[in-house]
Amino acid sequence: MAEPKENLQMEKIVSLCKRRGFVFQSSEIYGGLNGFWDYGPLGAELKRNVKELWWHAMTRQRDDVAGLEATIIMSPQIWKASGHVDTFSDPMCDCLLTKKRFRADQIEPQSGIVYHYPGARSSFTNELKQSLDNQLDAAVVFRIHDPKDREADRKAAEKSLSDLRKENDLSSWLKLQEAIVTLGSEYNVRELVETISNFCVKHGKSSNFSFAVLLAAGKPPESARKLAKEFYSQRGILEPELGEERIEKIGLDHPLATRFNPENGSLLSEPRPFNLMFKTYVGPVESEDGIAYLRPETAQAIFAQFKNVLETSRQKVPFGIAQVGKAFRNEVTPRNFTFRSREFEQMELEFFIKPDEVIEAIHGSVATLETPDPKPKTPEPQPNWGWQAWHQYWVEERVRFYEGLGLSRDTLGFHRQTPAELAHYARACTDILFKFPFSKKDEQGNVAGDELEGIAARSDFDLSQHQRFSGKPMGVFDEELRAAWAKLPKEKQDDLWKRYYDNRKNYLTKSAKPDETAEQISKQSTDDANGLARGQYIPHVIEPSAGVDRLILALIANAYSEVTETDDKGKSETRVTMKFHPRVAPFKAGIFPLLKNKPDLVAKAQAVRDLLRPWMNVFYDEGGSIGKRYARQDEAGTPFCVTIDFDTLGEKPELLDTVTIRHRDDGRQERLKISELLAFLLLKIR
Ligand code: ATP
């Protein structure tokens, strides 16, 4: 239950990120803001490259995807329709002792001994007793000298005092206080009572709040008691005396197994839902009507603009809309560096496809995974693909994208969501994982990884929701379907009609608004299914949704490599090389004149820099030895260094206008003509 040791590899990565300017803590000079990160000079270049590569692969290199750049703040109705207002929440709980916040569903089950406490009260210490005695004496003396005092009351007061002294118990003190209040003399009684009552509140409290501590079996119970006393002290109970302790042994499957802080064993508060959307107000008045949200994903804008894009891009289903942009989630526990942030960027594609019933109507059958293409490795989209084949295709495409950035397949993992994990409208969801240094190991020591991207088959849920909430039709007209439907035998039409009807009814029932009746739902489902004959349907969607920041972190973790060398004097030095794929590397080449005090070398080196600059990001460096300059570029992840030396200037005539290219990963050097340099580098970085 001790605080887990920070992952050493992650510590090194975080420190390099700061030292070399990949990632800084946001607002660092003011102590930072949890869950927010800034990208420094190298990080900004890396991120830009990654987003460019995604955009290029997803839109410009394809005929069937169009781009979109929508606003961050949109109509709050969008988030009503998408379900985010009502259901986009994480279960949250707090440590009752340290107040540290946890996501309840991320707490690993723990076994051990639970020590339960029903409450506590202040123990009667000598110090407290002395203080009470003084107050009592004052009270009694005061009562005795009150001219309106009655003998019986005075006796009651004295009795309480003596009981108190005998029993060492607070209850007598409270009784005495009551007696004095009842007397109600004008002689400054109120002031005295107030003093006493403040004193009681401060010192005489008890708490019925139950608390518990989980200790690993074999640990001394004293540590549980210590935590419990701390808990009650925090609630104003001085020198707490714990109520009767109850002990319970629990296993990993016990309902309490996930209810304790893994770091200190303290009981956690009951989990409660916490909506992750950041709220703001549009306009000058902070009223309910002006509430808006910072988008928690980029996808919804794509659905909301579906019709506009369809009409202006001359696309036809199947086709996709891609968007890259900021998303905001008020995560309960931002963690693992940038992995779970509160402000991050997403790269999302919504790829709209025909429902399987439509494919079947047009093509007679649906190609699925059960009837795989003979070349499943490089599938070419086919007109008879249903959702399964498209889903599989996009998983493959996305994996290929990651490979192209230098993340080999063995650094990745997959998680196919189980039916229990899937949202009610989703047909499938495959997460592509990366094995981060903080990713957990299973019992066999295998690492599955953590999510980089989710590829979901979301049926027609999203467009249907926006159709229902906006009242604007989100369906498409397909002449091919209309023509094919008319030629289908009645039996086939009935079969497809029924399946489409059942799917619509299922969706409408599960997403019904409170005032919708079963009859209305049946009628709507019938109308929807009747649309098939007219060539109308609502497209389904496959959604590959990736996080830029998680990918950047994966690339950094994947690139990080260090070598420790010891010199003749036994002094060892660790050198870090960031082995980024040239495509993503912040700088593609370092350009060095051999010596900075030789104007001819400098001029030539600057000419080489200017030759390359329009095509790629290069770094010109003339400071320090060549070895130092190499080392600096190795840490920045620059794949090539180009040195301009005296041979470049023609000292050896046969080497005139040639440069030395040094390869980052193996230190190999080769001589190349300046005239061939651009083509050489472009080939490596494209
Ligand atoms: P998780 O289960 O890790 O919270 P998610 O399944 O909620 O992620 P999606 O809603 O599918 O995530 O978002 C798509 C992608 O956006 C994720 O795969 C991830 O790369 C990225 N992403 C989501 N939340 C965050 C976050 N808080 N910080 C950084 N990236 C995020």
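Which hand does the crossing of α1 and α20 have? The crossing of these two helices is left-handed, a label used when the near helix is turned anticlockwise from the far one by less than a right angle, with right-handed kept for clockwise. Please keep in mind that this is a predicted model, where local features need pLDDT of at least 70, side-chain atom pairs count only at pLDDT 80 or more, and totals for chains, interfaces and linings use all residues. Residues are numbered from 1 along each chain as its sequence is written, and side-chain values use heavy atoms, leaving out hydrogens and water.

**Two helices that cross**

- Helix α1 covers residues 8–20 and helix α20 covers residues 626–636; their axes come within 10 Å and cross at roughly 120°.
- Helices (H or I, at least four residues) and strands (E, at least two) are DSSP runs, numbered from the N terminus.
- Axes are lines fitted to C-alpha atoms, for helices over the stretch in contact, and angles run from 0 to 180 degrees between N-to-C directions.
- α1 and α20 are therefore oblique to each other; under 35 degrees counts as roughly parallel, over 145 as roughly antiparallel, 65 to 115 as roughly perpendicular and the rest as oblique.
- On the α1 side, Leu16, Arg19 and Arg20 make the contact, and on the α20 side Arg632, Glu635 and Ala636 do, where contact means heavy atoms within 4.5 Å.

**Aromatic rings**

- The whole structure holds 28 aromatic pairs; rings of Phe, Tyr and Trp (its six-membered ring) pair if their centres lie within 6.5 Å, and planes under 30 degrees apart count as stacked, over 60 as edge-to-face and the rest as tilted.
- Phe303 and Phe352 have ring centres 6.1 Å apart and planes at 80°, so this pair is edge-to-face.
- Phe303 sits in helix α10 (residues 299–304) and Phe352 in strand β16 (residues 343–353), so to speak a link between distant parts of the chain, 49 residues apart.
- Phe303 has 1% relative accessibility and counts as buried (buried is under 20% relative accessible area, exposed over 50%, partly exposed in between, with a 1.4 Å probe and protein chains only).
- Phe352, at 0% relative accessibility, also counts as buried.
- One aromatic cluster is formed by Phe351, Trp385, Trp390, Tyr393 and Trp394.

**Backbone details in loops**

- Val317 and Pro318 are joined by a cis peptide bond with omega of about 5°, and Pro318 lies in the loop between α11 (306–313) and β15 (319–328).
- Asn336 is not a glycine, yet has a positive phi of about 55°; Asn336 is found in the loop between β15 and β16.
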